[in-house]
Amino acid sequence: MAVQKKVDVVTVGAGWSANILAWKLAEAGYRVLSLEQGPWEWAAPNAAYKHDGLLYPVRKRMMTNIKKESWTWRPHPRAPSLPMRQFGGFLPGQGVGGAAAHWSGMLYRFLPSDFQVRTHVVERYGQEKIPENMLLQDWPVTYEELEPYYDQFEWDIGASGLPSRENGHVLEGGNPYEPRRTLYPNPPLTPGLSSTLFAEACRQLGYTPFPQPSGILSRTYTDRFGRTRSGCLYCGFCSRYGCENDSKSTGLTTHLPLALQTGLHEVRAHCHVTRVEAGPDGLAAGVTYVDDRTGEEHFQPADVVILAAYTLTNVKLLLVSQDWHHPGGIGNDRGMLGQNFTHQMWYSPVVGQFDGRRFNLYMGNTSNTYSIYDFYGMLFDHTRLDFLGGAGIYSTWGEREPVSSAGFLPLGTGKNSQLVSAVENGDPPSKPPRSWGWEWKEALRSHWDNFVPIAIQGDSFAYRGHTFDLDPHFRDAYGQPLLRFTFDWQDDDRQRYRFITGRCLEIMRAMGASAISAIPTLEDYNLTTYKGTHISGGAIMGTDPGNSVTNKFGQVWDTPNVFVTGAALYPQNPGSNPTNTLAALAYMTGDALVERYFRAPNRLMG
Ligand SMILES: Cc1cc2nc3c(=O)[nH]c(=O)nc-3n(C[C@H](O)[C@H](O)[C@H](O)COP(=O)(O)OP(=O)(O)OC[C@H]3O[C@@H](n4cnc5c(N)ncnc54)[C@H](O)[C@@H]3O)c2cc1C
Ligand code: SF4
């Protein structure tokens, strides 16, 4: 095995959290190497994005190579696990820039009650409100502590949005539940026509719609480093594609160039890391990786190892890195590694059809929409409700492309979908419409640009038994066990879904749809329908080694020169997108490494 020259810090992966840490550390004078399993082709001068609806959304050109690495799932420990052989439920990204090279840009902060959800529930409703087996725990970091890092990240990437407060005064139109104190650097993106209908309907019902905050530039923006990028063209080829206009902020357009500019940051593409290696003192000595172009194995020594390879690889690498000091894997001395697997309730439970109208939904992106937070998380009264948490509710986004959208037509033919409006009018169809042949063609012709889903993104709480571990039966292309997860929706999830779907129906009725279909009950959890690439947990942060794998800086309790980034750290998954928070955490950890860790290396930071 070839031994490479030692570096101060090695990051596994070169996604956004790695890009941020590389910038912070290289700027402070440390030599940082990022080992990335994918190619380096999504940034100038190599990037050549095409508006190719087969290559990107269908063939998943920017995602992990599933022929080499996959994951297995079982609904409960007595069921057999099976590997995911084609993408469905989630889409881990691959290549320098990570998943953020093709993300959607929805840029939410978690709210104060998300960080202290256990305290909130117990104080307001009592301990008995928490379902048996639910593992509800406060984060070791509060909103107030993270707020300056949210601010810095949002200004560094040129976030777009409407603030709810300025100098302590409440402003009309922003998210009234977000206690932010700063303005956004850019105004919100222009919402589409169907989103405006959604906002009007929400106001009629007494709810408080706000334009969705976004990591996409709404206008030309010059950042504090003097770099200028153009505003969004609403081109409609956004999520799952890279942005040829560089309006969609990613690590490739923001932090990576700053890190490279220092001369102290190196990125090595096509390098798949297989283990973290511990030295005789039990601390990490570096990582082993395979160069995919030659098949050769290398050892990369480093003083600090940062796992920045998305939830799934971060947890897997800790589990497979077993040795005399770490018989159950790094971070597992108290059996906490792999606990708290959570996903996210990302669905479109209600769809409306607006006969005779056109909304131009082929344009735009996932961010030029309206949202309501009136039923988000623990923001509303749960006294009489039989569930915890809630969901953000979103209007329809643009970027409608034919292949995936055709599945919604004719209305009421989707899996478990019912034509609500026909039933309510006392005029149920004698038989359901067909999703093929002339009925489908006719629906596609007449309704492709006037059907409007409402989407939700709900909490996913952790439960005892919802875990990651190593599958004893299936292996990846490198001979290592596949990561297995055990997960199923619980009663609490089903009741939350039913309640939120009821709110979506009210909104759709107020929007005046000609026909409405709904999926009234939550489907069984599966890997075929997309639920968001927001998998979290497995290496959670906490206040002590008895309730977590890492401290609030992602520093592993039992191996203090190993750090974890990303949503693997989240004790439970709030009902909004993860990236703003994991980026803010990376800012906080970067500062802590520079200001505290390197002054007393290999010690836990308090
Ligand atoms: C289609 C899509 C849309 C999304 N939209 C949003 C959104 O609107 N808002 C939001 O907040 N979030 C969104 N996300 C999630 C967002 O992209 C992630 O939260 C974010 O990219 C996570 O950053 P990260 O640095 O933790 O990991 P990643 O960006 O996933 O980077 C991890 C990197 O590690 C590499 N890697 C993995 N294993 C290895 C290994 N063994 N060796 C070497 N390298 C390895 C991967 O190839 C990858 O490049 C979206 C994700 C997807 C897929
Ligand atoms: S919609 Fe805007 S941000 Fe998205 S790819 Fe097109 S120009 Fe870029």
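Of the 40 residues around ligand 1, which come nearest?

1. Before that is answered, please note that this is a predicted model, in which local features need pLDDT of at least 70, side-chain atom pairs count only at pLDDT 80 or more, and totals for chains, interfaces and linings use all residues. Residues are numbered from 1 along each chain as its sequence is written, while chains are lettered from A and ligands numbered from 1 in the order in which they are written.

2. The residues that come nearest to ligand 1 are G13, G15, G98, N577 and T579, where a residue counts as near a molecule if its C-beta atom, placed from the backbone, lies within 6 Å of it. Two or more residues of this shell come from each of α1 (16-27), β12 (271-278), α8 (310-320) and α13 (579-595), and α1 gives the most, with three residues. Helices (H or I, at least four residues) and strands (E, at least two) are DSSP runs, numbered from the N terminus.

3. By class, the shell around ligand 1 holds 17 nonpolar, 21 polar and two charged residues, whereas the shell around ligand 2 has eight nonpolar, three polar and one charged. Ala, Val, Leu, Ile, Met, Phe, Trp, Tyr, Cys and Pro count as nonpolar, Asp, Glu, Lys and Arg as charged, and the others, Gly among them, as polar. Around ligand 2 stand, among others, C232, C235, C238 and C243.

4. Four strands form an open sheet in the order β5-β4-β20-β19, with mixed pairing, two strands being paired if DSSP finds at least two bridges between them. Because β5 (82-83) and β19 (468-475) stand at the edges with a single partner strand each, one side of each is left without a neighbour in the sheet.
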